[in-house]
Amino acid sequence: MEHTRLGYWIKEAGGVTPRPPLDEDRDADLLIVGGGYTGLWTAWHARRLAPDARIVLLESEPVCGRGPSGRNGGFCNAMWLSLASMRERWGDEPALAIGKAAAAAVTRIGAFCEEQALDAWWRPAGYLQTSTAPAHDGAWERAMAACRELGVPEAIVPLSREEVQARCQSPAFRAGAVCPDSATVQPARLALGIRRGLLEQGVEIFESSPVRGLRATPGGVEARTEGGVVRAERAVLAIGAAAKGRRGPLRGQLTVASSHIVLTEPVPDLLEQIGWTGGEAITDCRSLLDYFRTTPDGRIAFGWGGGRIAFGARTRGRAELDRAVIEATAAHLYDYFPALRGRRLTHAWGGPIDASPTHLPSVTSLPGDRAFAAAGYTGNGVGPSNMVGRTLASLALDRRDDPSRLAFVDGSSPRIPPEPFHWIGGEAIRLGILAKEEAEMAGRTPSKIASAVARIPELIGFHIGR
């Protein structure tokens, strides 16, 4: 099995010619720092809102999309399973507005792939959440009730055990629910496709250009790299988990967790055998969830979001490649699909997750009110990043429209404790949740200690899981 930092998706997407780094000063109307999905979609929407704007995007990696945006599971989901928690946090109408905006973002991404003739493996086959333990039965019912009460009952459809098994047979699967307006995508191909479109439309992209300093000035915002300075009227900071390492409001609102994926060799015969031919994206109902999808050549990509908490803002090292977590991920794969034993696992990789205390993304105004930052997708960023990018584009261009008024803009959030308390507490809670959920999966009663530790986030106002 090949263990690589960048992962299979980026390798499969093929090479592109890197853009040169910034080597002289530039002036711009809009500066975007970060070439992952959030930054790329912000630039895309901004170009449509302001066709003549001078837009500059700075990316630290050699090519845009090589961070978590190009390494994730490729689940392009809306946010309907978070509707109950959004409703509790923001109220009925604001929660419904975000739910509809997130669903519209999924539709826009599919339309983008079609309009750009981009083969990003777009497959709108729905998202299936299934219980794998009695303790997890009905985990979707609160969200389903919220959808029904807010007038979108079609957003989450309950399935019996038999209906789940008809879509994908596994000895572990019980009942479940499906969100029809979701899709899967090859994440690296999508990122490179947005990048290509931006370059064709005159957006200036400078790669291998990490920003060493970002500050407000009397006339706007100034970003400094080793090769030059960009002076802009407005700016967007879209650096995901790396925002944990920068001074500012997001620093105390993020935890850097990690997720890892293992990929099988092509197994189309097995997929036929278990009936998983519809292309559904699937997860279980754990807080440290397992997630899995298929590929056009019949592979299974299987991920686990239970990786270690990073100390501070360390987004490299074990956050990207943790052999112990990879072994655990492979074990989960075999638990769900025993017939895969003896089949080859070809690739394994991981990446950091920018986890927020609310399990929801947030957009925050930076000092000076000329720059805005976004982060906190907590593992569900492929679809929502398009929505957040639309909001950031409106804010940065001072458009007073509906996207700029969505409830996740400048909302309140619980604060993360400083280090080392954050890491010590975060790891203790992760291990408590892990012990509790492993016991539930095995049909055992969790220990009192594990159950008590797993409840700590709820008691202090943090939200783990949807």
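Ala, Val, Leu, Ile, Met, Phe, Trp, Tyr, Cys and Pro count here as nonpolar, Asp, Glu, Lys and Arg as charged, and the others, Gly among them, as polar. The model is predicted.

**Exercise 1. The second largest pocket**

Describe the second largest pocket by volume, lining and residue class.

*Solution*

Step 1. Start with the volume. The second largest pocket holds about 310 Å³.

Step 2. Find the lining. It consists of 20 residues. Leu 214, Arg 215, Arg 247, Leu 366 and Pro 367 lie nearest the pocket centre.

Step 3. Assign strands. At least two lining residues come from each of β10 (213-217), β11 (220-224) and β19 (371-375). The greatest share is that of β10, with four residues.

Step 4. Sort by class. The lining has eleven nonpolar, four polar and five charged residues.

**Exercise 2. Helices α2 and α10**

Determine how α2 and α10 are oriented to each other, and which residues meet.

*Solution*

Step 1. Locate the helices. α2 spans residues 37-49, and α10 spans residues 384-396.

Step 2. Read the geometry. The packing angle is about 50°, and the axes are 7 Å apart.

Step 3. Classify the angle. Under 35 degrees would be roughly parallel, and 65 to 115 roughly perpendicular. α2 and α10 are therefore oblique.

Step 4. The crossing of α2 past α10 is right-handed.

Step 5. List the contacts. α2 contributes Tyr 37, Thr 38, Trp 41, Thr 42, His 45, Ala 46 and Leu 49. On α10, they meet Ser 385, Asn 386, Val 388, Gly 389, Arg 390, Leu 392, Ala 393 and Ser 394.

Step 6. Sort the contact between α2 and α10 by class. There are seven nonpolar, seven polar and one charged residues.

Conventions. Residues are numbered from 1 along each chain as its sequence is written. This is a predicted model: local features need pLDDT of at least 70, side-chain atom pairs count only at pLDDT 80 or more; totals for chains, interfaces and linings use all residues. Side-chain values use heavy atoms; hydrogens and water are left out. Axes are lines fitted to C-alpha atoms, for helices over the stretch in contact, and angles run from 0 to 180 degrees between N-to-C directions. Angles under 35 degrees count as roughly parallel, over 145 as roughly antiparallel, 65 to 115 as roughly perpendicular and the rest as oblique. A crossing is left-handed if the near helix is turned anticlockwise from the far one by less than a right angle, and right-handed if clockwise. Contact means heavy atoms within 4.5 Å. On a 1 Å grid over the protein atoms alone, a cavity is a set of points where a 1.4 Å probe fits but cannot get out, and a pocket is an open set with protein on both sides within 12 Å along at least five of seven lines; lining residues have an atom within 4 Å of a point. Grid points are joined across faces, edges and corners, and a volume is the space filled by probe spheres set on the points.
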